[in-house]
Amino acid sequence: MATDTTPSGKSASTGFLDNYFGLTAHKTDVRTEAVAGLTTFLTMVYIVFVNPTILSKAGMDYGSVFVATCLAAAIATFIMGLYANYPIALAPGMGLNAFFAFTLVLTYKYTFQQALAFVLISGLIFILISVTKLREYVINAIPMNLKLAVSAGVGLFLGIIALQSAGIVVDHPATLITLGNLTKPASILFLIGFVIIAALSSRNVLGATLIGILVVAIAGLPFGVAEFKGIVSMPPSIAPTFLQFDFSRVFEATAIVVIFTLLFIDLFDTAGTLVGVAHRGGLLDKEGKLERMPQALLADSTATVVGAGLGTSNTTSYIESAAGVAAGGRTGLTAVFVGLLFLLTLFFSPLAGMIPAYASAAALLYVACVMARGLAELDWEDMTEYAPAVVAAIAMPLTYSIATGIGLGFITYALVKALAGRWQEVTPAIWVLAVLFAFKFAVS
């Protein structure tokens, strides 16, 4: 039986993929892209376990968030691959989900429906920025040291959440926090899980985070701290979170700060991830810029809007995509394979439901360590740069609020620079944000 081939000897399907994604031009092929997609997926699939665990603390249905996470990751990654043609995968962002649950809902007392409305609006503003020249101004207006501080501070915030979830850190009336009971099975398994993830990651073992989560979850079964609920089933209903928006509080003063914070973290996390992954894959142009940055930013911002509709916090580009790029992924076909795998994951909801909080916390602590590395890149020779950055970073976990840390960082940066006689280094955007945060703190 004859095979339909192109003149070059390639099959028609392979020829189409080559033409659409530019496989030959990027010196790759379908097999390499498939392997790269699997690699990226295995490094970030932990999010389908961790995200429902975090957002369920905000009163959201665990099963529905699981479905929303899988669908948001799949759809967003398809958009990135098919529209922007980059080997970058997306999913609900770590840090942003913690801000959603622990700050917006548990601290500021918004309902999750109101918080989802904030996520939607931040995504729409992100789209506006992505299709106009505002993107260059916004990205360049914030000092690099504050960007690094936000990333590191979010990492520290995730770290204290992880330690608290595992019972390692507990509250204390005199010292605010203190050491918990390390003899409990959950606390012990948490520490073992973190060690496994960190050790395997240092050895470049594929899927290290997923392995660590599953190992300690299974190990918890004999101790009664984990419960086997099966492996495969039809996906749960997404109805409890689908289009659950409440816009009743979007015009409050605090809402402006909340929406900006969501936008700020999403925008700069996305820009940093895109450039970092592209640099590793040799996808930057001769001037070190991302050729299709507008398309990539638009894909990412659209993903946040889609994710909000499905019922999850901001969806963003994942730095774990670098693993797939290291495995040879060079085009959007890698992202398409990742998206297909996330769709397949929809049928593993019982497995996700058996993952206990301590197992997810082990992954959280690992992510915290990775994000905290940004502190090493601060300009430690300039007090006016690193002092505000440190204030922002340590304020996030200690005030249990990412927004508060960002606000204190901007206010400190503007005032320190001005009093040091270097007011000209403070951009108008910084002054505006410092005043807005000062107003927010004053009225609250």
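Me: Lys and Arg count as positive here, Asp and Glu as negative. How far apart are the mean positions of the positive and negative charges of the protein?
Reply: This is a predicted model. The protein has 21 positive and 23 negative charges. Their mean positions are separated by 2 Å.

Me: What radius of gyration does the protein have, and what does the globule rule give?
Reply: The fold holds 19 helices and four strands. For 444 residues the globule rule gives 22 Å, and the protein comes close to that, so it is as compact as a globular protein of that length. The radius of gyration of the protein is 22 Å.

Me: Is Asp 382 buried or exposed?
Reply: Buried means under 20% relative accessible area. Asp 382 has 14% relative accessibility, so this residue counts as buried.

Me: Which residue forms a salt bridge with Asp 382?
Reply: Asp 382 sits in the loop between helix H16 (357-372) and helix H17 (383-399). Its partner lies 40 residues away, in the loop between helix H18 (402-419) and helix H19 (428-443). The closest N and O atoms are 2.7 Å apart, and the partner is Arg 422.

Me: Which residues are linked with Arg 422 in a network of salt bridges?
Reply: Arg 422 also bridges to Glu 425, with N and O atoms 2.9 Å apart. Glu 425 is partly exposed at 33%, and Arg 422 is partly exposed at 24%. The residues linked with Arg 422 in the network are Asp 382, Glu 385, Lys 417 and Glu 425.

Me: Which residue meets Glu 252 in a salt bridge?
Reply: Glu 252 is partly exposed, at 32% relative accessible area. The N to O distance in the bridge is 3.0 Å, and the partner is Arg 249.

Methods:
Residues numbered from 1 in each chain as written. Predicted model: local features only at pLDDT ≥ 70, side-chain atom pairs only at ≥ 80, totals over all residues. Heavy atoms only, no water. Helix = DSSP H or I, 4+ residues; strand = E, 2+ residues; numbered from the N terminus. Rg over C-alpha atoms; globule rule 2.2 N^0.38 Å. Charge placed at Lys NZ, Arg CZ, Asp CG, Glu CD. Salt bridge = Lys/Arg side-chain N within 4 Å of Asp/Glu carboxyl O. Buried < 20%, exposed > 50% of the residue type's maximum accessible area, 1.4 Å probe, protein only.
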